[in-house]
Number of protein chains: 2
Amino acid sequence: MNPTYETYKSAVDQALADIAVLLSDTDGRLTPVPVANREVPQPLRAAMAYSLRLPGKRLRPVLLLAAYHLLKDDWVSVMPYALALEMIHTYSLVHDDLPAMDNDDLRRGKPTNHQVFGENIAILAGDGLYSLAMETMLKASLMAKYPQRAIAAMEEIARRAGVSGMIAGQTLDVALEGTEPDEATVAYIPRHKTADLITAPILAGLHLAGATQAQLAAGEAYGQALGLAFQIVDDLLDIRGDAALLGKKTGKDAQMGKMTWPAVFGEEKACADAERYIDTAQQAVTAFGEKAVFLQTLARDMRNRVK
Amino acid sequence: MNPTYETYKSAVDQALADIAVLLSDTDGRLTPVPVANREVPQPLRAAMAYSLRLPGKRLRPVLLLAAYHLLKDDWVSVMPYALALEMIHTYSLVHDDLPAMDNDDLRRGKPTNHQVFGENIAILAGDGLYSLAMETMLKASLMAKYPQRAIAAMEEIARRAGVSGMIAGQTLDVALEGTEPDEATVAYIPRHKTADLITAPILAGLHLAGATQAQLAAGEAYGQALGLAFQIVDDLLDIRGDAALLGKKTGKDAQMGKMTWPAVFGEEKACADAERYIDTAQQAVTAFGEKAVFLQTLARDMRNRVK
């Protein structure tokens, strides 16, 4: 039997709560200078834990676990890599929300990191989450049975989260605010800002499981299509969604002149494109047979967010 | 014959100039949407290249090459890991200089990154340099003959640059500005903010060369002592140095109420402590024999900066 989304997600939430270096002092005291050598000092620890542990979908870590599970049963063993994806996602949100960036006050229904901890600590908390992602994966890889697979997984994640991936998309997202939209750019931004960090966990999970080139190609096609559908749906929700349900302000894209898919192609075509990408994603993984049902259902369910 | 500092440094400078993803368009045109898949978009690419290529001592990459060279001759082969250290160092400077952090206008004699590219791009350029460091090392490690050594080197770097290392030190550096100095904190800040990123390249170089535990321990003792001496000398230069020669403002620590070694212990004791750490560093590496002369000379030369 395939696990449900909830099975993976609660394992991720539990593991996030258990990250040793982020555990709070039991007495709630702020101890600026750590006693133990590897402890994380306050207020850095509190700021990192705050954003990482706000309730979220945990989509990216779930995708890594599920992709690994397509080929191997011991999916709990790759949890450190799954957590790293959530840390990278969270760091990107913390930095994106900064006053100099999107200047958001609300994220996942709560005040943004800089609202709580100040701008300087929010910058360092973002840096810290990215760093902890790499530390967590590398520490797990020290004892890897297949070190080359671990390196391939980490390289995939670092590259797609990096300067030709997620950070590239974020750059154009902020640099081109308010400029005349064009189709090349509107395709580039979500492909990198979003789809690269949806594709990374799929491919990392497959690398860790020792996938073939054909399996990796199928995973990439699935991830890219799902990622684009996800961003288009997100942009549609910014227009049509309920801020209370979403836990963040809506209508911000239009206000900031963001170059989104619906802004360029209109809502109707955006809806149709999202549907098309969802179909593409579902098709891409048919070669995995029965095992692919989880990923196909996940893609199908994304459709319901817009309706 | 041992290479000179200049031999290693010019190899590093050449490699920095050759980083493919940061090469400028020949016509100087800003092409926001990259054509090739792995290209870095503007203005991110220009912002990263700007800070990375400002003239610097290249101390951290040189230390990695020299530490590897203690045990192996083909030091050019570990250049990707050396470059990663300079990228991490540069990212930390770009973020440190931000208005919400130390709010510096001048770095290495030139306007700081956010002065040239704006605060949002400077945040992303910092993120990008950190990411490119990991991407560069992981890409090199894909083909590593000894993948476990590569993983150990990267883990050492990520941990010491991370939330119990450099970022921990930076956090207390900004969080405790203007508070009453105490000895525990004044020892913690330079040990992590500075010494960890001086120790990381030494240990990474040794890991890559397949060093023994005893050799690693000697390298750690050298790195910690050199790093502390380096930071104390830096703090003394902020009091006594020439801003024009240093390429950055002086007198800033006192003005911002930074908890520095001279601020807590006085200039005289700070000077004596720096001397003592330099001696410790020189002693630590005697077991490497003739080969250690380069690292010992480097430590000795640091003494001359204060006089």
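Helix H3 and helix H9 of chain B are roughly parallel to each other, a term for angles under 35 degrees, with over 145 counting as roughly antiparallel, 65 to 115 as roughly perpendicular and the rest as oblique. The model before us is predicted: local features need pLDDT of at least 70, side-chain atom pairs count only at pLDDT 80 or more, and totals for chains, interfaces and linings use all residues. Residues are numbered from 1 along each chain as its sequence is written, while chains are lettered from A and ligands numbered from 1 in the order in which they are written.

Let me begin with that pair of helices. H3(B) covers residues 59-69 and H9(B) covers residues 183-208; they pack at an angle of about 30°, and their axes are 7 Å apart. Helices here are DSSP runs of H or I with at least four residues, numbered from the N terminus. Axes are lines fitted to C-alpha atoms over the stretch in contact, and angles run from 0 to 180 degrees between N-to-C directions. The crossing is right-handed, meaning that the near helix is turned clockwise from the far one by less than a right angle. Among the residues that make the contact are B:Leu64 and B:Tyr68 of H3(B), and B:Ile198 and B:Pro201 of H9(B). Two residues are in contact if their C-beta atoms, placed from the backbone, lie within 7 Å. By class, this contact has 13 nonpolar, one polar and one charged residues. Nonpolar covers Ala, Val, Leu, Ile, Met, Phe, Trp, Tyr, Cys and Pro; charged covers Asp, Glu, Lys and Arg; the others, Gly among them, are polar.

I turn to chain A. Helix H3(A) and H9(A) pack at an angle of about 30°, with axes 7 Å apart, and H3(A) is therefore roughly parallel to H9(A). H3(A) passes H9(A) in a right-handed crossing. Their contact includes A:Arg60 of H3(A) and A:Gly205 of H9(A).

Where do the two chains meet? The contact takes 53 residues from chain A and 52 residues from chain B. On the side of chain A that touches chain B, the largest share, 15 residues, comes from H6(A). That side of chain A has 34 nonpolar, eleven polar and eight charged residues.

H6(A) and helix H7(B), residues 147-160, pack at an angle of about 150°, with their axes 9 Å apart. H6(A) is therefore roughly antiparallel to H7(B). In H6(A), residues including A:Met134 and A:Glu135 meet residues of H7(B), among them B:Met154 and B:Arg159. The contact of H6(A) with H7(B) has five nonpolar, two polar and four charged residues.

Which residues have the most contacts inside the largest nonpolar core? They are A:Ala229 and B:Ala229, in a core of 198 residues. Such a core is a set of buried Ala, Val, Leu, Ile, Met, Phe, Trp, Tyr and Cys residues joined through C-beta atoms within 7 Å. Not counting residues up to four places away in sequence, A:Ala229 touches A:Ala274, A:Tyr277, A:Ile278, A:Ala281 and A:Met302.

Finally, consider B:Ser164, in the loop between H7 and helix H8 of chain B. Is B:Ser164 buried or exposed? B:Ser164 is buried, because 25 other C-beta atoms lie within 10 Å; 20 or more count as buried, 12 or fewer as exposed, and in between as partly exposed. The C-alpha atoms of B:Ser164 and B:His192 are separated by 7.6 Å, although these residues are 28 residues apart along the chain.

Key
Helix = DSSP H or I, 4+ residues; strand = E, 2+ residues; numbered from the N terminus.
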